[in-house]
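Subject: Structure handover and notes

Hi,

Here is the structure for you to take over. Please open it before reading the notes below.

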Amino acid sequence: MIKDRMQLELNKQLNREHYSAILYLSMASYAEQAGYKGAARWLKVQYHEEQYHAMRFYEYILSRNGRLEFMDIPKPDQTFKSLLDVYQKTLIHEEEVTEYVNRLMDIAVEEKDHATQIFLQWYITEQVEEEDNVNDILTRIKLLNGDNQGLLVLDKELGLRQLTIPTDFTNGLPKV
Ligand code: FEO
């Protein structure tokens, strides 16, 4: 059984992961229309990753005999101006997610919830990777300083991103 406070905070993060998913889908739609097909693919992979993050919370809460609570999901930003803008906003967003995950871990420690601490460890590691990847892309976009040729080369590279997480959760959460 999971404590009410921990359950509420885990549910909030599950819903935030859904928000992350639609934020990336919103960014992907901008990228498609702006001609950045590779970035659109990268962002759609990210969309699936966020859904996977949400499903991990879903399965974990249920595995602790907890209750799922679905909340209102804010409308995502739809006002992107450039690829630079997209990845700047991505970094800001992922830094916020990292803060939320850290706060969740603080609560798990306060509540002496050891199982949740182990569960959250995966997200802490994941956030380091997410911030690192986005930082690399952002640095390269800044170096290009609006050079369209260079941006198209980078876009092609972003389009090589492969989905490495499951997207079919009908039989539960497959191991990865
Ligand atoms: Fe669910 Fe991008 O962190």
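This is a predicted model: local features need pLDDT of at least 70, side-chain atom pairs count only at pLDDT 80 or more; totals for chains, interfaces and linings use all residues.

Cores. The largest nonpolar core has 25 residues. Leu43 and Tyr87 make the most contacts inside it. Five helices each supply at least two residues of this core: H1 (4-34), H2, H3 (83-110), H4 (114-144) and H5. H1 gives the largest share, seven residues. Look at Tyr87. Beyond its neighbours within four places in sequence, Tyr87 is in contact with Ala39, Trp42, Leu43, Val134, Ile137, Leu138, Ile141 and Leu158. There is also a second, separate core of 17 residues. Among its members are Val97, Ile107, Leu120 and Tyr123.

Salt bridges. The count is ten.

- Arg5 to Glu110: the N to O distance is 3.0 Å. Arg5 sits in helix H1 and Glu110 in helix H3, so this pair ties together parts 105 residues apart in sequence. Arg5 is partly exposed, at 37% relative accessibility. Both residues belong to a salt-bridge network that also links Lys3 and Glu111.
- Glu9 to Lys12: the closest N and O atoms are 3.3 Å apart. The two residues are three apart in helix H1, so about one helical turn separates them. Glu9 is buried, with a relative accessible area of 17%. Lys12 is partly exposed, at 29%.
- Glu32 to Lys44: the side chains meet at 2.9 Å, N to O. Glu32 lies in helix H1 and Lys44 in helix H2, so the pair ties together parts twelve residues apart in sequence. Glu32 is partly exposed, with a relative accessible area of 26%. Lys44 also counts as partly exposed, at 34%.

Asp155 lies in helix H5 (residues 148-158). Asp155 is buried yet has no salt bridge. Which side chain of opposite charge is nearest to Asp155? That is Lys37, 8.7 Å away. A salt bridge here needs nitrogen and carboxyl oxygen within 4 Å. Leaving out residues up to four places away in sequence, Asp155 touches Gly35, Tyr36, Lys37, Gly38 and Ala39. So Lys37 is on both lists: a contact of Asp155, and its nearest side chain of opposite charge.

Surface. Tyr58, Leu62 and Phe70 make a nonpolar patch of about 290 Å². Tyr58 is found in helix H2 (residues 37-63). Tyr58 is partly exposed, with a relative accessible area of 30%.

Best wishes

How values were computed. Residues are numbered from 1 along each chain as its sequence is written. Side-chain values use heavy atoms; hydrogens and water are left out. Patches are made of residues with over 30% relative accessible area and no salt bridge: like charges are joined within 9 Å, nonpolar side chains (Val, Leu, Ile, Met, Phe, Trp, Tyr) within 5 Å. Accessible areas come from the Shrake-Rupley method with a 1.4 Å probe; for residues, only the protein chains shown count as cover. Helices (H or I, at least four residues) and strands (E, at least two) are DSSP runs, numbered from the N terminus. Buried means under 20% relative accessible area, exposed over 50%, partly exposed in between (1.4 Å probe, protein chains only). Lys and Arg count as positive and Asp and Glu as negative; His and the chain ends are not counted. Contact means heavy atoms within 4.5 Å. A nonpolar core is a set of buried Ala, Val, Leu, Ile, Met, Phe, Trp, Tyr and Cys residues joined through side-chain atoms within 4.5 Å.
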